[in-house]
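Hi there,

Here is the structure I promised to pass on to you.

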Amino acid sequence: MQSPLPVRDGVNATRLRLPDEGPWDTAMDYMMHRWGHIDPQGIEDRFDAGEIVGEAGIPLDRATPLRNHTFIWYYRTLPPEVRIPVELTILHQDEHLLVVDKPHFLPTTPGGTYIQESALVRLRNQLNLPDLIPMHRLDRMTAGILLLSTNPETRGKYQVLFEKRQVQKEYECVAAAAPAPGHPAVEFPVVVRNRMTKSRSYLLAEVVDGEPNAETRIERLRTLDGPAPETPDDAAAAAHRAVYRLEPHSGKTHQLRVHMASLGLGIVNDAFYPELLDKAPDDYSKPLQLLARGIRFVDPIAGVPVEYRSGLELSEAR
């Protein structure tokens, strides 16, 4: 549903669905029920200023009946944010697409405590492109190639490519050169297939029984500490690392991290897999060693194959 309010400071207006019934006579009564304990005066001031609107941008006031609107829109009051000390690099821009190198630690889209400090909001403000929308997402801790649509009129043509899996993605990671004790040896290249699920209420993705919905091809490119150990069960194997190419054929949350960990090859500096570590402040000297290296597809406008490659390097891959 199209918002009647424009993007402001790079951020979309928030949409709220009003209940069909309840003990609230007005829309303001309901908002007071939801958030009055936080800022009751601020809610009243917004209604008085006409800053809360319904369908077609009609301003609401304190007396607007609850039943008059199904959805309302308003701008959230954003708390100050500490700037994340990383920078985006623009690799390509035209009338349809923007391609950037997203650094580690910067989320793709606003959420939680990161609003202004997200790739999308930074780029909207930097380039004055309020209609900018990401075509896919990278985890906050993953760096590399990110595609965004700059043109609402052609956006659907690119979205179809992702929906039909006509976009080929390539990632790189640094992990142990041989599986951790207790895991069998791996013959590369290997294809990992399983069924994954991710609940919004739980940090981790999980592998469950059922028809596979996640698939990744994994290839070991080179070892970093000399030749890989011939005895994978040797505890010393953990000291050896290697660079891997990952080619996902699906796009489940945390898929690459889960699939590497399932082989006993947890990605370096992964605080989630194979073991969830206690939450700690970001350590910018230890980024997750996972990089979206490249992306390929046939451009639906030009009709020719295109490929975009990241200029970033994993710090542990040298």
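**Helix 1 and its neighbours**

In helix 1 (residues 27-35), the buried residues are Ala 27, Met 28, Tyr 30 and Met 31. They line one face of the helix, because they fall within an arc of 155 degrees when seen down its axis. That arc is taken from the directions from the helix axis to the C-beta atoms. "Buried" means under 20% relative accessible area, "exposed" means over 50%, and "partly exposed" is in between (1.4 Å probe, protein chains only). Helices (H or I, at least four residues) and strands (E, at least two) are DSSP runs, numbered from the N terminus.

What do the buried residues of helix 1 pack against? Their partners are strand 1 (14-17), helix 2 (40-48) and strand 2 (71-74). Contact here means heavy atoms within 4.5 Å.

Before you go on, please keep in mind that this is a predicted model, in which local features need pLDDT of at least 70 and side-chain atom pairs count only at pLDDT 80 or more, while totals for chains, interfaces and linings use all residues. Residues are numbered from 1 along each chain as its sequence is written, and side-chain values use heavy atoms, with hydrogens and water left out.

**Aromatic rings**

A search of the whole structure finds eight aromatic pairs. One of them joins Trp 24 and Tyr 30 edge-to-face, at 5.0 Å centre to centre and with 75 degrees between the planes. Rings of Phe, Tyr and Trp (its six-membered ring) pair if their centres lie within 6.5 Å; planes under 30 degrees apart count as stacked, over 60 as edge-to-face and the rest as tilted. Trp 24 counts as buried because its relative accessibility is 19%, and Tyr 30 is buried at 9%.

Phe 272 and Tyr 273 also form an edge-to-face pair, with 6.2 Å from centre to centre and 65 degrees between the planes. Is Phe 272 buried or partly exposed? With a relative accessible area of 21%, Phe 272 is partly exposed, whereas Tyr 273 is buried at 7%. Elsewhere, Tyr 158, Phe 297 and Tyr 308 form one aromatic cluster.

Charges sit over rings too (NZ of Lys or CZ of Arg within 6 Å of the ring centre and within 35 degrees of the ring normal). The charged end of Arg 8 is over the ring of Tyr 75, 3.8 Å from its centre. Arg 15 lies over the face of Phe 71, at 4.5 Å from the ring centre.

**The nonpolar cores**

A nonpolar core is a set of buried Ala, Val, Leu, Ile, Met, Phe, Trp, Tyr and Cys residues joined through side-chain atoms within 4.5 Å. The largest one has 34 residues, and those touching the most other members are Leu 148, Ile 218, Tyr 244, Leu 246, Met 260 and Leu 290. Strand 7 gives this core its largest share, four residues. Another core, of 14 residues, lies apart from it and includes Leu 18, Met 28, Tyr 30 and Met 31.

**Two buried loop residues**

Thr 142 is in the loop between strand 5 (133-134) and strand 6 (143-149), and is buried at 3% relative accessibility. Leaving aside neighbours within four places in sequence, its contacts include Lys 102, Tyr 171 and Leu 290.

Phe 105 lies in the loop between strand 4 and helix 3 and counts as buried at 4%. Not counting residues up to four places away in sequence, Phe 105 touches Ile 84, Arg 140 and Tyr 284, among others.

Enjoy exploring!
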